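This report describes selected salt bridges, a strand and a loop residue. The structure is shown below.

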Amino acid sequence: DDTSAQPVHGVRLTAFCMDETEVTGSAYRSCVTTGTCTTPGMSMYCNWGVSGRDQHPVNCVDPAQARAFCVWRGSDLPTEARWEYAARGTDRRTYPWGNDAPGSQLCWNRLPSPGSSCPVQSYPSGNSPFGLFDMAGNVFEWTLDSYASYTGDSGSYVLNPTGPFDDGSRVLRGGSWGESSPFDVRASHRIQNPLGSSSPGFGF
């Protein structure tokens with residue numbers, strides 16, 4: 001069991017919208033061109049500046065860069081609760097596509113290894129209940145919440161929960177192209193990384 005995803009607790013959400021795909025390099029470039037967004041990292045496996053990667057998710061961005069793009073668009077990063085609802089729906093499925101073990105439904109390290117991220121919308125068989133792409137694999141996705149242990153129980157409900165907003169870590173969800181364990185691409189799986197951190201496996 002993943003202790004970071006415990007205890008099971010009730011959540012209620014008001015209506016919200018999410019993009020169908022992870023933010024692409026092409027979309028992020030539009031924000032950089034205005035001077036609002038800053039350039040992502042360009043180390044090995046980063047997509048920025050690499051020919052043919054415009055439709056891959058922008059990666060090597062930290063939480064502040066991700067949020068700056070969202071605010072520029074007139075929106076924000078999803079909270080953890082919103083992200084998980086978008087990935088799982090209401091039936092507590094293990095993965096966005098259901099409960100079947102992951103195989104060819106996602107961009108991950110068992111395809112054989114893709115060696116990098118994949119263009120968005122490459123794996124429609126892995127869509128979430130709401131038709132969202134790449135909720136598992138491709139890149140981990142930054143959320144709005146700082147990391148904290150869950151509270152509550154399955155018999156009570158919290159409306160629109162948010163984690164703390166502090167100067168510590170931020171939560172990422174969804175797994176990345178580098179994962180090879182089914183455990184790491186479950187819709188309930190959560191990891192944390194410090195503010196200011198970025199990685200070829202992190203996008204939004």
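A residue is called buried when its relative accessible area is under 20%, exposed when it is over 50%, and partly exposed in between, with a 1.4 Å probe and protein chains only. The model is predicted, so local features need pLDDT of at least 70 and side-chain atom pairs count only at pLDDT 80 or more, whereas totals for chains, interfaces and linings use all residues. Residues are numbered from 1 along each chain as its sequence is written, and side-chain values use heavy atoms, with hydrogens and water left out.

## Salt bridges

A salt bridge is a side-chain nitrogen of Lys or Arg within 4 Å of a carboxyl oxygen of Asp or Glu. The structure contains 8 salt bridges.

| Pair | Distance, N to O |
|---|---|
| Glu-80 and Arg-190 | 2.8 Å |
| Arg-173 and Glu-84 | 2.7 Å |
| Arg-93 and Asp-91 | 3.0 Å |

Helices (H or I, at least four residues) and strands (E, at least two) are DSSP runs, numbered from the N terminus. The side chains of Glu-80 and Arg-190 form a salt bridge. This pair links distant parts of the chain, since Glu-80 belongs to helix α3 (residues 80–88) and Arg-190 to strand β5 (residues 190–194), 110 residues apart. Glu-80 is buried, at a relative accessible area of 5%, and Arg-190 is buried as well, at 4%.

Arg-173 and Glu-84 also meet through their side chains in a salt bridge. Here too distant parts of the chain are linked: Arg-173 lies in strand β4 (residues 169–173) and Glu-84 in helix α3, 89 residues apart. Arg-173 is buried, with a relative accessible area of 0%, and Glu-84 is buried with 18%.

In the salt bridge between Arg-93 and Asp-91, Arg-93 is buried, with a relative accessible area of 16%, whereas Asp-91 is partly exposed, with 45%. Salt bridges with shared partners connect Glu-80, Glu-84, Arg-88, Arg-173 and Arg-190 into one network.

How many of the residues of β4 are buried? The count is 5 of the 5, so the strand is largely enclosed by the rest of the structure. Both of its faces are covered: one side carries Ser-169, Val-171 and Arg-173, the other Arg-170 and Leu-172, and all are buried.

Two strands pair if DSSP finds at least two bridges between them. Strand β2 (residues 140–142) and β4 run antiparallel and are joined by 2 bridges. Within this pairing, Glu-141 has Arg-173 in β4 as its bridge partner. Strands β4 and β5 are likewise antiparallel, joined by 5 bridges. Leu-172 stands opposite Ile-191 in β5.

## Asp-134 in its loop

Asp-134 lies in the loop between α3 and β2. Its relative accessible area is 4%, and Asp-134 is therefore buried. Contact means heavy atoms within 4.5 Å. Leaving aside residues up to four places away in sequence, Asp-134 touches Glu-22, Val-120, Gln-121, Tyr-123 and Glu-141. Asp-134 and Pro-124 are 10 residues apart in sequence, and their C-alpha atoms are 8.4 Å apart in space.

A polar contact is a pair of N or O atoms within 3.5 Å; within protein, one must be able to donate a hydrogen and the other to accept it, and residues adjacent in sequence count only if both atoms are side-chain atoms. The side chains of Asp-134 and Asn-138 make such a contact, at 3.3 Å.
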